[in-house]
Amino acid sequence: MPNPPAPRRAAWPPRIDWALLFPAMAGLAWVCGQDAVAVTLMMVFPLLLVLDGRLGWRGVRASQAGDTVSVRPLARGPIHDIIDGVLRECSRQDRTTAVLHVVVDDLHVADGAWDTDIGEAVMTRLVPRVAAVLRTPDAVLRQGEDGLVIVLAPTRRADLDVVMAIVDRIQTAVAEPVLVDGCSVRVHACVGICNEGMAPARTGAAMLAAADCALRLARRQGAEAVRVFTPDIQTRVETDHRLSAQVEDALIEGQFRPWFQPQVDARTGRLAGFEALARWHHPTLGVLTPGQFLPAIAAAARCAELGEHILRASLEALVAWDRAGLEVPCVGVNLSLEELADPRLSDRIIWQLDRYDIRPERLAIEILETVTLRGDDEAIMRNVTMLRRAGFRLDLDDFGTGAASIAHIARFGVHRIKIDQSFVTGIDADATQREIVAAILGLAERLGIETLAEGVETVAERAALVALGCPQLQGYGIARPMPLSDTIPWARGRRAGDIESRALPAVSVTTADPRPRNCAPGEGAGHAGKSGSGPCKA
């Protein structure tokens, strides 16, 4: 893939040798009277020059093809040079190109075994495998421990359809098991794409940086996600980077505060509790939802610290409600997988409740359904067991979106399952959804588990859920999340049994990315444990 003029200069010295040898031999033959030999040499000379040029150039092209498959990691500088060379060729040939940045996930786990060299062994095997599904001139270059940069050779079309077909081949090749020392390793790849037409500048550095931006967004979406660079992505990544640098000061200054969304009894309309949802009160950007700041929290490695901050503020809210004479049975706080993996988590939560003199049953620990699949994790099981034995409520959040079995639910001893919004939205018009929710309600009743429907947004959805016998409801159709200062007026101004109440119109939320159906990015995510990229909660 390097620029062709350099190989041509490298091939020039052998031609000079031929050019000197043949005239000398022909002149010597003429002096010696060997006219026929001299004539023959003069005729053969041009033919050999032509053959030498063709064979030599083929060798150079073969060498170039070999150089575009790099098993060893390269620095960004050489990669930039290769992309620059391709861009110059595109200009000469009136063609185009694209850069794909691929990151291989789960490199270091192989059938439960850990090995310091297994990641490098897998990558060494993946590079030629990926090269095999591409064209010979396309470059496959290692970057870092787990990255590949694919540079397409000049082509007539590098639009999204063409590039996605290439991505499909790459991800299929990566997903095939790799055998390393008798262990079968399965990995997956996220891909960021930047084609020439979308690049912020026609340089190797700009195209690679743009592919990096797209890759960062893809990795937030989970395994095998693919994203294409756009100016909007660049803005989001730059914002995330700026927010990451501000997280520490924001935690110190108390800019992260819980907002509370009411949960009501569907039959009586009485307040059943609140769910604490993290908000960043940014001094210049306004109130940010988890979908807007979770990447910054993760990049700053402050997920656990944010979770502890939200827990402490939620307990203080319970104290404030009690002082105001407001009957709030419990408040729900989300715990991330990272927090649950901390062996001292349960001890810290119990200590916090003792500090505020709050009964354990008034704190609902919300865990994602996928956490129940980690039953073999000793730290997680220890925390869940200790919290349950101490009398805390356990809520299984986003029920129906994971793969938890009845056995998992029973083993974790959850008190309440929260039916995910995806089953609630449009339930009044979808008979299949009503059947699914009815089955969940029947299962929960048989197991003696309470049920709450999330994301209730319309009167018709509420009516359908009440008709099905759903005990508790939560969503914008009941009330929007609100700061602590608004919860007491909202509760006092609400008539008992009136489940038609709306959120306070005075509550103003400033977000950079509003969504339809009153759904802000990451709405309902308590903190870093709940992804803002999934269906937003109301």
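A few ground rules on terms: strands here are DSSP runs of E with at least two residues, helices are runs of H or I with at least four residues, and both are numbered from the N terminus. Two strands count as paired if DSSP finds at least two bridges between them.

On to the neighbours of S2. Strand S7 (residues 188–195) runs antiparallel to S2, with 8 bridges joining them. A contact means heavy atoms within 4.5 Å.

## Strand S4, covered on both faces

S4 (residues 147–151) is mostly covered, with 5 of its 5 residues buried. Buried means under 20% relative accessible area, exposed means over 50%, and partly exposed is in between (1.4 Å probe, protein chains only). In a regular strand, side chains alternate between the two faces of the sheet. Here Gly-147, Val-149 and Val-151 are on one side, Leu-148 and Ile-150 are on the other, and all are buried.

S4 has antiparallel pairing with strand S2 (residues 98–105) over 5 bridges, where Val-102 stands opposite Leu-148. Strand S3 (residues 139–143) also pairs with S4 in the antiparallel sense over 5 bridges, and there Val-140 has Ile-150 as its bridge partner. S3 and S4 form a hairpin with 3 residues between them. In that turn, Gly-144 has a positive phi of about 70 degrees.

## An aromatic cluster

The structure holds 6 aromatic pairs. Take Phe-256 and Phe-293: their ring centres are 5.3 Å apart and their planes are at 70 degrees, so this pair is edge-to-face. Phe-256 belongs to strand S9 (residues 256–265) and Phe-293 to helix H9 (residues 290–299), so to speak a link between distant parts of the chain, 37 residues apart. The rule is that rings of Phe, Tyr and Trp (its six-membered ring) pair if their centres lie within 6.5 Å; planes under 30 degrees apart are stacked, over 60 edge-to-face, and the rest tilted.

Phe-293 is buried at 0% relative accessibility. Its ring also pairs with that of Trp-280, with centres 6.1 Å apart and planes at 75 degrees, so that pair is edge-to-face as well. Trp-280 lies in strand S10 (residues 271–282) and Phe-293 in helix H9, so the pair ties together parts 13 residues apart in sequence. Trp-280 is buried at 0% relative accessibility, and Phe-256 is buried with a relative accessible area of 1%. Phe-256, Trp-280 and Phe-293 form one aromatic cluster.

## Ile-440 and its contacts

Ile-440 lies in helix H16 (residues 431–447). With 9% relative accessibility, Ile-440 counts as buried. Leaving out residues up to four places away in sequence, Ile-440 touches Phe-399, Ile-417 and Ile-419.

## Cysteines and the whole chain

A disulfide is a covalent bond between the sulfur atoms of two cysteines. Counting pairs of cysteine sulfur atoms within 2.5 Å, the model has 0 disulfides. Among the cysteines, Cys-90 is buried at 2% relative accessibility, and Cys-303 is buried at 8%.

Zooming out, the protein chain has 18 helices and 17 strands, and buried residues make up 49% of its 538 residues. Of the contacts between residues at least 6 apart in sequence, 70% join residues at least 24 apart. The accessible surface (Shrake-Rupley method, 1.4 Å probe; for residues, only the protein chains shown count as cover) comes to about 25,000 Å², with 56% belonging to carbon and sulfur atoms.

## Reading notes

Residues are numbered from 1 along each chain as its sequence is written, and side-chain values use heavy atoms, with hydrogens and water left out. Because the model is predicted, local features need pLDDT of at least 70 and side-chain atom pairs count only at pLDDT 80 or more, while totals for chains, interfaces and linings use all residues.
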